[in-house]
Amino acid sequence: MKQPRLRMMAAVLLAIGAASAQAQSPSPEAIDAAVRATIERYELPGIAVGVVENGEVVFARGYGETVAGSFDPVTSKTLFKIASNSKAMTATVLARLVQQGKLQWHDPVVKHLPAFAMHDPWVTQHMTVSDLLIHNSGLPEGGGDLMLWPEPNLFNRDDIVRGLRHIKPAYGFRAGYAYDNLLYVVAGEVAAAAGGASYEELVRRELFQPLGLAGCRVGEFVMSEAGSVAQPHMRDGERNLPMREDADVVPAIASAAAGGIRCGLDDMLAWMRNWLLPTDAQLKWLDATQRAELWKARTPMPISAQRRQWDGTHYYAYAYGFRLADVDGQWTVSHTGTLGGMYSMMMLLPDRKSGFVFMINGAGGSARTVLGTVLLKLFTAPEKSLGVAGYADELAMPAPAATTTKPKLPDIAKRKPVKASAMRDWLGVWRDPWFGDVRVCEAAGGVEWRSAKSPKMHGAVSRLNGRYLLVWEDEAVDENAWLAFSGSGDVRTLRMAKFDPDGDFSSDYEDLAFTRIGDCE
């Protein structure tokens, strides 16, 4: 079934070219107005926005502050976490290695990483480098992300490579789409093994240096040497509050290949132009064959009703680190990035040699959706645009009553603390085969859940509506969790679930299966 679907997508792409002929040219005034309206609507602390038209930068501007209230302005050189926009860079490092003959896209992963294993031994032997990049592995959405976030933690890349074998699949291998991050970490380790250097060194050597991305950072760096660095923010009532602020020395992180690169606007625009209007030197750096491989549709993706309505999308697929879609009859290549108070989007219209990129350092999920739509419409169908207010209003509308089945969440303020004496059967040390150990032990007159390898994950256990509830004490942890204990004697288990079933998929508590291994002492 998959091959006919991909052939149909290819036919759609052929039809897109004609629609691209009638080019629209967004003015700097229109771009600036859209950005300012988005800042006002969503009260963003800072944003950097750049636009390329016909291969040339026509707009590059920073707005707001790197830290709310600091008066330190966002500029075109301010570093932002580009989060999952890093995936395209990881895929490009691999493309460079393929071009150099150091690996092949269809090499088995175990050829380069003998310790790699998935839950199913057959999948282990047949998973290729290509499979690592296209979200069709069978892993549950966000499976294992608790080894990556919240940061910093004590999980390393070897833990991830070895932990994957314990995560049960949610669907068949190569049988569907579910976004994951861990396999991009594995892809980074494949690159390191084939390239003879760490992932970080390969990114610097194979991407940053030849493309002149001098401001970008990957791995450990010193804040004082990096220049302007935006910090993530959260909304607290009417205020933007900095969160997860960087230390003086920013450490290397295990998740770099999935979402750990930082860049400023100038470098992101240079990265974009490499794809839209490459120079002869850039075409030698990465040839047409590998560029085509990176943008070839691999895994069909679901198309939301909103995307169909706003963009007229018929075709949506994942490639190697990029997403492909038709929008108003024009071909787009894009990706987004989301990482705790940082949001980004890069959108390319290759037939037009045009596109845009922006990076936000605040609670900008809806802002990204709205601004991305408005900026794209300036290119594809300005006469159809609803503008910032129109798209924001539609996005804020509740779902139709007929399709709203989500039950109301309990009032978390009504939870009651529990005493250790009431949980004596469940106190102790618990172990999950990939997440490691946690302690459920008496603390401060109550009961605390604390992870051994993810230090920010700790909180008090309480009771709410007859269930155990874990509320995190650190703001870096996004989703509170229900706890379900069962069993007796030497066979006791602990399962977890998100307090909000529709919460961030990276809080993949449902993939954890703890067994009790000892006492608190």
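This is a predicted model: local features need pLDDT of at least 70, side-chain atom pairs count only at pLDDT 80 or more; totals for chains, interfaces and linings use all residues.
View 1. When neighbours within four places in sequence are left aside, the residues in contact with Q290 are A95, V98, Q99 and W105.

**View 2. The aromatic pair of W271 and W275.** The structure holds 21 aromatic pairs, and in the one shown here the rings of W271 and W275 have their centres 5.4 Å apart and their planes at 90°, so this pair is edge-to-face. A pair of aromatic rings is described by the distance of the centres and the angle of the planes. Both residues belong to helix α11 (residues 265–276), and because they are four residues apart in that helix, W271 and W275 are separated by about one helical turn. W271 has a relative accessibility of 1% and so counts as buried, and W275, at 6% relative accessibility, counts as buried too.

**View 3. The aromatic pair of W295 and W331.** The rings of W295 and W331 also form an edge-to-face pair, with 5.7 Å from centre to centre and 85° between the planes. This pair links distant parts of the chain, 36 residues apart, since W295 is in the loop between α13 (288–294) and β9 (299–300), while W331 is in strand β12 (residues 330–338). The relative accessibility of W295 is 13%, so W295 counts as buried, and the relative accessible area of W331 is 18%, so W331 is buried as well.

**View 4. A cluster of rings, and two charges over rings.** Ring pairs join F155, W434, F435, W449, W472, Y509 and F514 into a cluster. Elsewhere, the charged end of R298 sits over the ring of Y320, at 4.1 Å from the ring centre. In a second example, the ring of Y468 has the charged end of R463 over it, 4.3 Å from the ring centre.

**View 5. The disulfide of C216 and C263.** The chain has two disulfides, and the one in this view joins C216 to C263, with 2.1 Å from S to S. The link of C216 and C263 is right-handed, with 115° about the S-S bond. It connects distant parts of the chain, 47 residues apart: C216 is in the loop between α8 (199–211) and β4 (221–222), and C263 is in strand β8 (residues 262–263). C216 has a relative accessible area of 4% and is therefore buried, while C263, at 0% relative accessibility, also counts as buried.

**View 6. The disulfide of C441 and C520.** The sulfur atoms of C441 and C520 are 2.1 Å apart and form a disulfide. The torsion about the S-S bond of C441 and C520 is about -105°, so this disulfide is left-handed. Here too the pair links distant parts of the chain, with C441 in strand β17 (residues 436–443) and C520 in the segment after β23 (514–518), 79 residues apart. Both C441 and C520 are buried. When the bonded cysteines are counted along the chain, the disulfides follow the pattern 1-2, 3-4.

View 7. In soluble globular proteins, nonpolar side chains tend to be buried together. The largest nonpolar core of this model has 123 residues, and those with the most contacts inside it are F116, V186, W271, M423, F435, W449 and M496. Helix α7 (residues 182–195) gives the most to this core, with nine residues. Residues up to four places away in sequence not being counted, F116 touches V109, V110, T124, M127, V161, L164, R165, L183 and V186. A second, separate core has 30 residues, including L44, Y343, F358 and L375.

**View 8. Backbone details in two loops.** The peptide bond from W149 to P150 is cis, with omega near 5°, and P150 is found in the loop between α5 (121–126) and α6 (157–163). The peptide bond from E151 to P152 is cis too, with omega near -10°, and P152 is found in the loop between α5 and α6. H135, which is also found in the loop between α5 and α6, is a residue other than glycine with a positive phi, near 60°. At 1% relative accessibility, H135 counts as buried. A444, in the loop between β17 and β18 (446–451), has a positive phi of about 50° although it is not a glycine. With a relative accessibility of 91%, A444 counts as exposed.

Notes:
Residues are numbered from 1 along each chain as its sequence is written. Side-chain values use heavy atoms; hydrogens and water are left out. Rings of Phe, Tyr and Trp (its six-membered ring) pair if their centres lie within 6.5 Å; planes under 30 degrees apart count as stacked, over 60 as edge-to-face and the rest as tilted. Buried means under 20% relative accessible area, exposed over 50%, partly exposed in between (1.4 Å probe, protein chains only). A charge sits over a ring if NZ of Lys or CZ of Arg is within 6 Å of the ring centre and within 35 degrees of the ring normal. Contact means heavy atoms within 4.5 Å. A disulfide is a pair of cysteine sulfur atoms within 2.5 Å. A nonpolar core is a set of buried Ala, Val, Leu, Ile, Met, Phe, Trp, Tyr and Cys residues joined through side-chain atoms within 4.5 Å.
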